[in-house]
Amino acid sequence: MATQHVISAQGRKDEGKGASRRLRRAGFVPAVVYGAGQEPESIQIEHNTVLLASRHEWFFSSVLDLNVDGKTQKVLVRDWQKHPFKMLMLHMDFLRINENEVVRVAVPIHFLNQEKSPAAKTAGLVISHNLTEVTVSCLPGNLPEYLELDLTELTEGDIIHLSEVKLPANVEIPELALGKEHDVAVVTVASVREEVDETPAVEGDAAVVPAAAPAPEKK
């Protein structure tokens, strides 16, 4: 089971752009909690709490215990708005979940032991991570914070497909049920050849030097 992550918040009654601006100036992030057949709830979270949590990948891919004024509810981060260039979170949306209903969440992939692989030790090879996250479906209690992909044996020409990613028990990748064409490449190894000019040199070729301009006539 994934680690428990608790986020503390407070309810708020003031809404609108003006109220949101005042909250941000006071060091809070305005947010909304919705879903699970309940009315949307406006809340506020200390900005430092959000900023610190957002530095961890689990904040966006795990079930969170959102504690609002002492009442805890299970949620997922569903949307967030950041300032274009400042380290500021402007707004967040949280989705309530039912622990008995399947959820779909994009979780990150951790690539292990790539530097130990034959491919990494061979000159002229490029290892590409075509996917860095994958959407899984499962009950909230089975949701992994991340998936691991061991690249120890990676060699030239290898392709690791989505179906080769190992999943925890009771976790599925919905995309694989759509057909073989959805079993996309997660990791590929390709060789890079240095381009060489194959145009044969013609014997006697020489650079053409422009003729010097004639000297002006003396009058």
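**Helix packing and aromatic pairs**

The buried residues of α2 (buried: under 20% relative accessible area, exposed over 50%, partly exposed in between; 1.4 Å probe, protein chains only) pack against β1 (6-11), β2 (28-35), β3 (38-46), α3 and β6 (89-96). Contact means heavy atoms within 4.5 Å; helices (H or I, at least four residues) and strands (E, at least two) are DSSP runs, numbered from the N terminus. This is a predicted model, in which local features need pLDDT of at least 70 and side-chain atom pairs count only at pLDDT 80 or more, while totals for chains, interfaces and linings use all residues. Residues are numbered from 1 along each chain as its sequence is written, and side-chain values use heavy atoms, without hydrogens and water.

Q: Which residues of helix α2 are buried?
A: Helix α2 covers residues 47-54. Its buried residues are His 47, Val 50, Leu 51 and Ala 53.

Q: How many aromatic pairs are there?
A: Rings of Phe, Tyr and Trp (its six-membered ring) pair if their centres lie within 6.5 Å; planes under 30 degrees apart count as stacked, over 60 as edge-to-face and the rest as tilted. By this rule the count is three.

Q: Why is the pair of Phe 59 and Phe 60 edge-to-face?
A: The ring centres of Phe 59 and Phe 60 are 5.1 Å apart. Their planes lie at 75°, so the pair is edge-to-face.

Q: Which elements hold Phe 60 and Trp 80?
A: Phe 60 and Trp 80 form a tilted pair, 4.4 Å centre to centre with 45° between the planes. The pair links distant parts of the chain, 20 residues apart. Phe 60 is in helix α3 (residues 58-61) and Trp 80 in strand β5 (residues 71-82).
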